[in-house]
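Here's a quick walk through some side-chain contacts and helices worth a look.

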Amino acid sequence: MAETEKGSRPLRTFALRLAVWYATLFVIGSIAIVVLTYFLTSVSLEQRDQQIVHEKLGEYAVAYERGGIAALTDIVRAEQSTAPERLFVRVLDRGSEMIVLSGPEGWRPEALEMASLRLGDGTLVEVGKSPDAREDLLARFRAVLGLVTLSIVVIALGGGLLATQSALAPIRRLIDAVTRIIRTGRTDARVPLAGTGDAIDDLTALFNAMLDKIEGLVRAMHGALDNVSHDLRTPLTRLRGTAELALAGAPDAERFREALADCVEESDRVLVMLNTLMDISEAESGAMPLQREPVRLADVVARAVDLYHDTAEAKGVTLAVAPGEAVIVSGDRTRLEQAAANLIDNAVKYTPAGGRVDVEIARDGNRALLRVRDTGPGIPADELPRIWDRLFRGDTSRTERGLGLGLSLVKAIVEAHGGSVDVISEPGQGSTFTAALPNLSPM
């Protein structure tokens, strides 16, 4: 419970900060729009007043040209009594004598939107409009915009909190999954994908992939520990039995020497088993360090064949390398030689005297193939799916000395290089093992 509270508290703080940032940006953007709207409205109203003044100035000038002062006076008086917005009108003759003066009391020309026009006979016509109506409209507009801005702030804060809560919901699911794993120690919990395809979905998918990787590592570790604890019993029992027999008899240097030699042999066997199991576990979990470089597969095969040439000759088995293509793969030379050597060792071990082991390199599209074909007793169909398992030894292999780890190591190394393994076998017809690796050779 405490871990959940500790994990949720920073998330709540982050959610609050995110909501405030969202609201701040939203409010700033909205205020900018409101200010721009007010400015454009003010400019538009000012331009409208100026347009009215100029239009009236033109109308009055036309009336004066047609009917003189009488016609102009009649129009001005009529508009003063009927027009919704009264105008200030002043007409001066050439001597600057007032001819017509019309306007509400208290209006001062310097406080008006003014425009003037001098006619052909020298008469000056001036028209002015008070900005009071415009200012009153803008004042009401500012009050409305203030309410709108306040509403925007409230909506931005509320919307920011809701949007943040919704956006952080997948992260909360991730936190819950991690909390369950920490609390229970189980790594089989997974976070469901929302299906939105966004960055949060990608993060969730990567988190689930990480859990898969962790679970695989844990399974591999448990499997290795189980195998080690199971298979160490026999050699350790033999070690103890050998030592007890040597100590139980009369002192004899030769017997002691033989017992120590047996103990060393069993110790070496245990060390080989442990190292091989660790290699397999590292490869299967993806933790095996690989020093990748372009490697000619023919060189790998040649070195592995050299290791077992004498063994095959002593057993009466023909070990041959078929002519093949120049195939290059990207891999760890030492590990690839180890895999090839195990395949050849397995073939030579189970091929009787007079038999034959053929090693072949080929190319199949973008794959490099290493085939090891033998004329041994073959593998029963019910054992084929299990021959790659650690420490599995079939009925026909129990007569030969071994740990049952060679093929498991081959599979682990090849798959660590991005390849695959396969086997074709029938009882009495021999077996063909194939390791397929990504090919770097030009087609």
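Let's start with Glu 254, which counts as partly exposed because its relative accessibility is 43%. Keep in mind that this is a predicted model. Glu 254 pairs up with Arg 257 in a salt bridge, with 2.9 Å between the closest N and O atoms. Both residues sit in helix H5 (residues 253–285), three residues apart, which is about one turn of the helix.

## Other salt bridges

Side chains of opposite charge can pair when their charged atoms come close. The count for this model comes to 16 salt bridges. One of them joins Asp 49 to Arg 134, and their closest N and O atoms are 2.6 Å apart. That pair ties together distant parts of the chain: Asp 49 belongs to helix H1 and Arg 134 to helix H2, 85 residues apart. Both Asp 49 and Arg 134 are buried, and they belong to a salt-bridge network that also takes in Arg 48 and Lys 129.

Arg 356 and Asp 358 make another salt bridge, at 2.9 Å from N to O. With a relative accessibility of 38%, Arg 356 counts as partly exposed.

## Rings and a nonpolar patch

How many aromatic pairs does a search of the whole structure find? There's one. The ring centres of Tyr 38 and Phe 141 are 6.3 Å apart and the planes are at 15°, so the pair is stacked. Here too, distant parts of the chain are linked, with Tyr 38 in helix H1 and Phe 141 in helix H2 (residues 132–184), 103 residues apart.

Together with Phe 39 and Leu 40, Leu 36 forms a nonpolar surface patch of about 320 Å² accessible area.

Helix H7 (residues 333–349) has 17 residues and should span 24 Å at 1.5 Å a residue; its end C-alpha atoms are 24 Å apart, so the two agree. H7 is mostly covered, with 12 of its 17 residues buried, including Arg 335, Glu 337 and Asn 342.

In helix H8 (residues 406–416), the buried residues include Leu 407, Leu 409, Val 410 and Ile 413. Just after H8, Gly 418 takes a positive phi of about 85°.

How values were computed:
Residues numbered from 1 in each chain as written. Predicted model: local features only at pLDDT ≥ 70, side-chain atom pairs only at ≥ 80, totals over all residues. Heavy atoms only, no water. Buried < 20%, exposed > 50% of the residue type's maximum accessible area, 1.4 Å probe, protein only. Helix = DSSP H or I, 4+ residues; strand = E, 2+ residues; numbered from the N terminus. Patch = residues over 30% accessible without salt bridge, like charges linked within 9 Å, V, L, I, M, F, W, Y side chains within 5 Å. Areas by Shrake-Rupley, 256 points an atom, 1.4 Å probe, with all protein chains shown as cover. Salt bridge = Lys/Arg side-chain N within 4 Å of Asp/Glu carboxyl O. Phe/Tyr/Trp six-rings, centres within 6.5 Å; stacked < 30°, edge-to-face > 60°. Expected span 1.5 Å × (residues − 1).
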